[in-house]
Amino acid sequence: AKFLATNGERIFMAGAYESSASSDQTTPASRRVWFTRPLGATDLGDDEAITQTGGTRYWIDIDSEDGAPITGLLSTLDGSVYAGTATSLWRLYDTGQDDAPINAERVVAGVGPTSHYLMTATDTVDGAMVYFGAADGPYRYGPSRGVQYLGADWVVPNAAVGSASASRLQCCQFDPATRRIYWLFSDGSTPTTSSARV
């Protein structure tokens with residue numbers, strides 16, 4: 001797997017480095033999220049194995065219409081795990097059903113994180129928020145607020161990727177000491193850091 005996350009009970013794994021597998025191996029899939037049994041379900045390595053027998057399916061595919069691969073996973077404060085593609089953001093949550101224990105709900109369509117390094121989350125005065133960097137700049141998503149574009153002041157809208165006017169987001173991270181989201185970006189010359197208080 002390329003990416004790991006947890007909701008406190010399960011380990012989630014997504015993406016794949018390989019494009020094929022031997023006959024005795026699990027077939028890799030760039031849009032699949034695998035997850036373990038809940039901790040303590042059997043006390044037999046629940047956090048170390050993906051069960052492939054029995055009636056329960058321990059994986060779910062992110063069905064983006066454009067076939068975009070998963071670009072990252074994020075453990076959040078609301079008990080859900082978020083999976084991103086370059087064109088969408090998905091909330092993965094427990095269903096309480098034995099045969100399909102995890103469900104995927106697309107919460108943002110049309111934009112999404114272009115990299116795992118461009119995903120972070122925190123609990124703000126407006127509630128739990130997922131921050132992510134898309135091809136055209138920074139966004140945030142919250143269940144009560146929906147998706148919001150945050151780059152109007154420092155990203156040139158519709159600038160061609162690779163042009164001198166298009167900021168290239170490198171990574172973002174929440175700092176609990178300052179209550180800020182820090183974005184590292186570059187205009188192609190010297191890397192610059194910007195921040196926004198949350």
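The following legends describe close-up views of a predicted model.

**View 1. An open sheet of four strands.** The strands of this open sheet follow the order E1-E2-E3-E4 and pair in the antiparallel sense. E1 and strand E4 (59-61) form the edges, each pairing on one side only. From one strand to the next, the twist averages 20°.

**View 2. The pairing of E1 with E2.** Four bridges join E1 and E2, which run antiparallel. Leu-4 has Met-13, in E2, as its bridge partner.

**View 3. The largest nonpolar core.** This core contains 17 residues, of which Phe-12, Val-33, Ile-62, Leu-73 and Leu-92 touch the most other members. At least two of its residues come from each of several strands, including strand E2 (11-14), strand E5 (70-75) and strand E7 (88-94). Another core, of 13 residues, lies apart from it; among its members are Leu-89, Val-107, Met-119 and Ala-134.

**View 4. The surroundings of Leu-73.** Neighbours within four places in sequence are left aside here. Among the other residues in contact with Leu-73 are Phe-3, Leu-4, Phe-12, Met-13, Val-81, Leu-92, His-116 and Met-119.

**View 5. Two cysteines without a disulfide.** A disulfide is a covalent bond between the sulfur atoms of two cysteines. A search of the whole structure finds zero disulfides. The cysteine sulfur closest to that of Cys-171 belongs to Cys-172 and is 7.1 Å away, which is too far for a bond, because a disulfide requires the two sulfur atoms to lie within 2.5 Å. Cys-172 is likewise in no disulfide. Cys-171 is partly exposed, with a relative accessible area of 29%, whereas Cys-172 is buried, at 4% relative accessibility.

Notes:
Residues numbered from 1 in each chain as written. Predicted model: local features only at pLDDT ≥ 70, side-chain atom pairs only at ≥ 80, totals over all residues. Heavy atoms only, no water. Buried < 20%, exposed > 50% of the residue type's maximum accessible area, 1.4 Å probe, protein only. Core = buried A, V, L, I, M, F, W, Y, C linked by side-chain atoms within 4.5 Å. Contact = heavy atoms within 4.5 Å. Pairing = 2+ DSSP bridges. Axes fitted to C-alpha atoms, helices over the stretch in contact; angles between N-to-C directions.
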